[in-house]
Each structure stands twice: as structure tokens, then as C-alpha cells.
Amino acid sequence: MAKQAGSSTTPEGLVVRVRDLHVYFFTDLGVSRALNGVSLDIPAGKVTGVVGESGCGKSVTALSIMRLVPHPGRITKGEILLYREREKQNGHSIVEEVNLTDLDPQGPVIRSIRGAELAMIFQEPMTSLNPSYTIGDQIMEAILLHQQCTRKEAEERAVDILARAGMPNPQTVVRRYPHELSGGMRQRAMIAMALSCTPSVLFADEPTTALDVTTEAQILDLMRELQAAMGMAIVFITHNLGVVAQMCDTVAVMYLGRVVEQAPVEPLFYDPQHPYTRALLRSIPHVGSRTKARLQPIRGVVPDPYATIEGCPFHPRCDYRKPGLCDVRVPATTQVGENHTVRCFLYTEQGEDNG
Ligand code: SF4
């Protein structure tokens, strides 16, 4: 299950690597191909944005890495590798490679990783916080499960992490129930709970969508601050490209269950390569733009998840499609710049069979 991967970090400085991941939902209506060959690199200690229209597989990717794909979904192909530092030997740390796809999703190994090394916060905290337990009990549960300490020490850590999450009066809030807090305070409590065991990767699934803009700005600042202080990686799932530009170091653009482009944030915004990324950027307003050109929505709609599309999944909506190629084969991933990859026949002639 685990093997030693080398010196202090992996050669690529990654904390998670996802390769050719397929997740299908087997329902009475047919098979929904939620992920159809996702390949994604998550660098250690950086913020990775995952963007795309609704239904492109952003949340399922995060849930798959956490091994929390709900029934009737199943990982059918691909691998998820977690790189974690273990004890130091002769001044060097050992990096262990754990293939998460090999693990029983209910088993003890993934349970020890989930919460401690991989944590997640969701869009609506009320659906994730238990209304019958105090905020303190819920944070302490994670601490007591993953760290060896007494209840009193766990309570002290809960107060401390709430204070770091910017919660006013943390000593009082630990004894409060979720319904007694405002939306912003509940999201801070969720962040505190997720960070209580200092994870290496935090998945944040649209964490500010339900908040007003002032609270959203405070929560984004807080997450950036905590990320820098704790050195963890954040995977920020959003459809808001403005938030991505503000928060992220690197961006993965998803379309219909695949990552079609991944790049550092500047090349992605100033020199996008994939026709879908370009179309996404043309469809949002730009502050300071002097032209009176209308925003251009992306032509067509995201196809039905039960439909099988031959070739490049974007070809029915793409202005650059090459008949006889784009509608037959899936383009392979090509390197087009430093840490910049794209899946499109404009940059390669290599293709793959349909997943
Ligand atoms: Fe468009 Fe073809 Fe590129 Fe797909 S592979 S994005 S259809 S040009």
C-alpha cells in the first residue's frame, strides 16, 4: 500500500497526484460518467484552484481524493497518490507514497488519513455541523480521534484554533451550538474544525458562496493567512474566476469530468491555451475594460451526464474543432509551458481512446 518515495519532498514537490481517474455513478437511469480521466497535480504548500461549470466534476474529484464518493458512485479506474512525510532519518525526512485508491474507503488507514492529513470544508456549514453538539465538542472530536491528548488539552486546542480562525470570544463559542452563530461564524467554526489537526491538504468546496461579500472577503483573507502560516496545500473549488485570481497559485480547468488545462495563475489568465478556458474568460466582466463589447456566453450547454460523447468532450461547443479528429479521439495531455499542460488537438496530434 505504501512505499518510500525518496528524500525530503517528492521530485515534483507534490502532495497529491491524481492520474487518469474515472468515477462512474451506476443509477437506474444509466451510467453517469462523473470523472472520465482526471489527471491533476496538487503542489505542497500552494493554493490550487479548480474551476469549471456546474457538473464538470470539481466536487466529485475532491470527494474521490478523500475516498468519500457517495453510493452509487465508484472509482472504476486510475490512481490517487498521497505523498506524506514520515519520521526523520539522519536529518532527512522520508516521503511515503500511499495509493489511496487501494484503500478500503471505510477502513482504518483512510480514517486515520481523513481529518488528520486530508480535510474538507463545504459551501453550507449548517449541513456539515451537527446541530445537537456544541462547536467545541465537534472540534474536540477530531482532535481526540487523531491526537494523543486529554479532554482538557483538546478543549484548550479547540479554543486556540477558533481564535486562529478569527472567532470572537472563542472561550464562549466552544460552548455554543451551531444555530446560535451567524453564517460567517459558522464558516469560521468549520475552518477551525478542518484545521484542528493541521492537515497537509485542505479541500474547500465553494466555501464562501453562501456568505455576503464582506464576510466572503474576510474568510478568503483568513484562509490565505492560515495557509501561509501552516504551510498546507489548499484545493479551492469554485466557479468564481475572480476568487481564483485572488487566492490561487495554480489553476486546473475542468470540463465534463476531465482537467483540460492546468497552469500557474498568471499564464492561465493572460495566455490561456484551451478553447474552453478562453471561452470561460471571455464570459466574465473585466474591471477597467474600455471596450463596450458585450460579454460572450459559451455557446451551447454542458451535455447530459448520461450521454456518451465521442472524441473531445468540448467539440460540440468548440469553434476550433477539427472534423474527423476532435469528434473521434480524445486529445492527450501536452506540455505547453512551465507547469502548463493542456488537452487539445491544437497542440498535439496524439490522442487517446474514449475513456
Ligand atoms: Fe476544440 Fe478540438 Fe481542442 Fe477539443 S480538441 S478543444 S474540439 S480544438
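**Figure 1. The residues around the ligand.** In this predicted model, the ligand is surrounded by His274, Pro275, Cys312, His315, Cys318, Tyr320, Arg321, Cys326, Pro331, Cys344, Phe345 and Leu346. Sort that shell by class and you get 9 nonpolar, 2 polar and 1 charged residues. As for the space the ligand takes up, it is the largest cavity. Cys318, one of the surrounding residues, counts as buried, with 9% relative accessibility.

Figure 2. Searching the whole structure turns up 0 disulfides. For a disulfide, the two sulfur atoms would have to be within 2.5 Å. Cysteine 248 is also tucked away from the surface: its relative accessibility is 5%, which counts as buried.

**Figure 3. Valine 251 in its strand.** Here we zoom in on strand 10, which runs over residues 250-255 and includes valine 251. Is valine 251 buried or exposed? Buried, since its relative accessibility is 0%. Skipping neighbours within four places in sequence, valine 251 has contacts with Gly49, Val51, Val244, Glu261, Gln262, Ala263, Val265 and Leu268. Phenylalanine 236 sits 15 residues away along the chain, and its C-alpha is 9.1 Å from that of valine 251.

**Figure 4. Arginine 186 on helix 6.** Arginine 186 belongs to helix 6, residues 183-195. Despite its charged class, arginine 186 counts as buried, at 16% relative accessibility. Which residues does arginine 186 touch, once those up to four places away in sequence are set aside? They are Pro125, Met126, Leu129, Pro178, His179 and Leu181.

**Figure 5. A cis peptide bond at proline 72.** The bond to look for runs from histidine 71 to proline 72: it is cis, and omega is near 5°. Proline 72 itself is placed in the loop between helix 1 (58-65) and strand 5 (73-89).

Figure 6. Aspartate 20 is not a glycine, yet its phi is positive, near 50°. You'll find aspartate 20 in strand 2, residues 14-27, where it is partly exposed at 30% relative accessibility. Asparagine 169 is another non-glycine residue with a positive phi, again near 50°. Asparagine 169 is located in the loop between helix 4 (151-164) and helix 5 (170-173), and it is exposed, with a relative accessible area of 54%.

Notes:
Residues are numbered from 1 along each chain as its sequence is written. This is a predicted model: local features need pLDDT of at least 70, side-chain atom pairs count only at pLDDT 80 or more; totals for chains, interfaces and linings use all residues. Side-chain values use heavy atoms; hydrogens and water are left out. Buried means under 20% relative accessible area, exposed over 50%, partly exposed in between (1.4 Å probe, protein chains only). A residue is near a molecule or strand if one of its heavy atoms lies within 4 Å of it. On a 1 Å grid over the protein atoms alone, a cavity is a set of points where a 1.4 Å probe fits but cannot get out, and a pocket is an open set with protein on both sides within 12 Å along at least five of seven lines; lining residues have an atom within 4 Å of a point. A molecule sits in a cavity or pocket if more than half of its atoms lie within 2 Å of its grid points. Helices (H or I, at least four residues) and strands (E, at least two) are DSSP runs, numbered from the N terminus. Contact means heavy atoms within 4.5 Å.
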